Amino acid sequence: MKYVPALTVAVAVLFVSAPILVAMAPYESTMGLVQKIFYFHVPSWIAMYTAIYVNGAASALFLFRSRPAADRVGAASAELCVLFGAMGLVTGPLWGVKAWGHWWIWEPRLTMALLLWLVYISYLLVRRYGGPGSEKLAAAVGVFGTAVSPFVYVSVNLWRTIHPLNSVVPTLKSPFRPAFGISSLAFLALFGLLLALRVELGRRQAALDALYLADED
Amino acid sequence: MIRRLCVVLALVACLGASSSAKSQPPPSTAQSEFEPATAPAPGDQMAAAPLVIAAYGFVWLATLFYVWTIRRRLSKVEADMRVLERRQTERR
């Protein structure tokens, strides 16, 4: 919790400066204004992938070492996978309807991204309704989600697709870079802040459970 | 609850599959890099503005909603802790 005030300030500064830089960034030659969705569509997936790898590491640690703290980080990061994934899945069609003329196309990248998001929905459902021991089962789902996530990333290179290629980000021209860099930092800082808050909630819930057990004894 | 959720998910999947079957366009070439331009056509700007605002608005709404859920859950845990501590003090 000691990092929360500093992270809150960082998130506030970044989320105030990002829209200014996005407004100042040049228009893209073929897509025009709608391409500006790129500055929060891609960073939301970057934040989701960060959440996926944090969840994968925490889930593996909980599966093999049974550390309660790792379980709390796993549960927190799974919720953030769903949150940032929802942002990516909503902002993408808003971009696609103008760029492609369709809200949604069942092509490899979009379909696999939706399935990956559903993996983390299932993680949360297993934890919520799976009964005793469901934490371990959910951790296995988390490890599975982490293992399949690289296939979603490389899907645009493996199959014929309408989605922009992964090379768009590394080859980004210098006028687009400041807005993209600050937006990505803003989403990563937001991920860090929300993770810290959610882990603290988990810690307090565990303390409450311990108090209830002590009360019953 | 789970049964209702399964029914909703199945309906969403069926609707999505049927709409995609009706309007699946042939895939065109994927864009590999972005080229800067000075300004878009005014008509294009008018048509795209609500989409950009909706995307940005959704990001904010989703974040605020999640922060609200954390705050609500934290308040509940703290209230339960106070009740439990009071009960333990009364027993002593």
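## Close-up views of the predicted model

**View 1. The lining of the largest pocket, by residue class and by element.** The residues that line the largest pocket of this predicted model divide into 19 nonpolar, three polar and 12 charged. The lining numbers 34 residues, and Glu79(A), Leu124(A), Arg128(A), Arg198(A) and Arg73(B) are those that lie nearest the centre of the pocket. Two or more lining residues come from each of helices H3 (68-99), H4 (108-129) and H6 (177-216) of chain A and from helix H2 (42-91) of chain B, and H2(B) gives the most, with 10 residues. The space in this pocket is about 1500 Å³.

View 2. About 800 Å³ of space lies in the second largest pocket, whose lining consists of 33 residues, with His41(A), Val42(A), Arg109(A), His163(A) and Pro164(A) nearest its centre. By class, the lining has 23 nonpolar, nine polar and one charged residues. At least two lining residues are supplied by each of H2, H3, H4 and H5 (134-158) of chain A, and the largest share, seven residues, comes from H3(A).

**View 3. Aromatic pairs around Phe38(A).** Over all chains the count comes to 14 aromatic pairs. One of them is the stacked pair of Phe38(A) and Phe180(A), with 5.1 Å from centre to centre and 20 degrees between the planes. Because Phe38(A) lies in helix H2 and Phe180(A) in helix H6 of chain A, this pair ties together parts that are 142 residues apart in sequence. Phe38(A) counts as buried at 1% relative accessibility, and Phe180(A) is also buried, at 10%. The rings of Phe38(A) and Phe34(B) have centres 5.1 Å apart and planes at 85 degrees, so this pair is edge-to-face. The pair crosses between chains, reaching from helix H2 of chain A to the loop between helix H1 (2-22) and strand S1 (36-37) of chain B. Phe34(B) is buried, with a relative accessible area of 1%. Ring pairs link Phe38(A), Tyr39(A), Trp95(A), Phe176(A), Phe180(A) and Phe34(B) into a cluster.

**View 4. Lysine side chains over aromatic rings in chain A.** The charged end of Lys36(A) sits over the ring of Tyr27(A), 4.8 Å from the ring centre. Lys136(A) lies over the face of Phe62(A), at 4.8 Å from the centre of that ring.

**View 5. Helix H2 of chain A and the residue that follows.** Helix H2 of chain A (residues 38-65) has 28 residues, which at 1.5 Å a residue should span 40 Å, and its end C-alpha atoms are 40 Å apart, in agreement with that value. H2(A) is followed by Ser66(A), whose phi is positive, near 55 degrees.

Conventions:
Residues are numbered from 1 along each chain as its sequence is written. Chains are lettered from A and ligands numbered from 1 in the order in which they are written. This is a predicted model: local features need pLDDT of at least 70, side-chain atom pairs count only at pLDDT 80 or more; totals for chains, interfaces and linings use all residues. Side-chain values use heavy atoms; hydrogens and water are left out. Helices (H or I, at least four residues) and strands (E, at least two) are DSSP runs, numbered from the N terminus. The expected span of a helix is 1.5 Å times one less than its number of residues. On a 1 Å grid over the protein atoms alone, a cavity is a set of points where a 1.4 Å probe fits but cannot get out, and a pocket is an open set with protein on both sides within 12 Å along at least five of seven lines; lining residues have an atom within 4 Å of a point. Grid points are joined across faces, edges and corners, and a volume is the space filled by probe spheres set on the points. Ala, Val, Leu, Ile, Met, Phe, Trp, Tyr, Cys and Pro count as nonpolar, Asp, Glu, Lys and Arg as charged, and the others, Gly among them, as polar. Rings of Phe, Tyr and Trp (its six-membered ring) pair if their centres lie within 6.5 Å; planes under 30 degrees apart count as stacked, over 60 as edge-to-face and the rest as tilted. Buried means under 20% relative accessible area, exposed over 50%, partly exposed in between (1.4 Å probe, protein chains only). A charge sits over a ring if NZ of Lys or CZ of Arg is within 6 Å of the ring centre and within 35 degrees of the ring normal.
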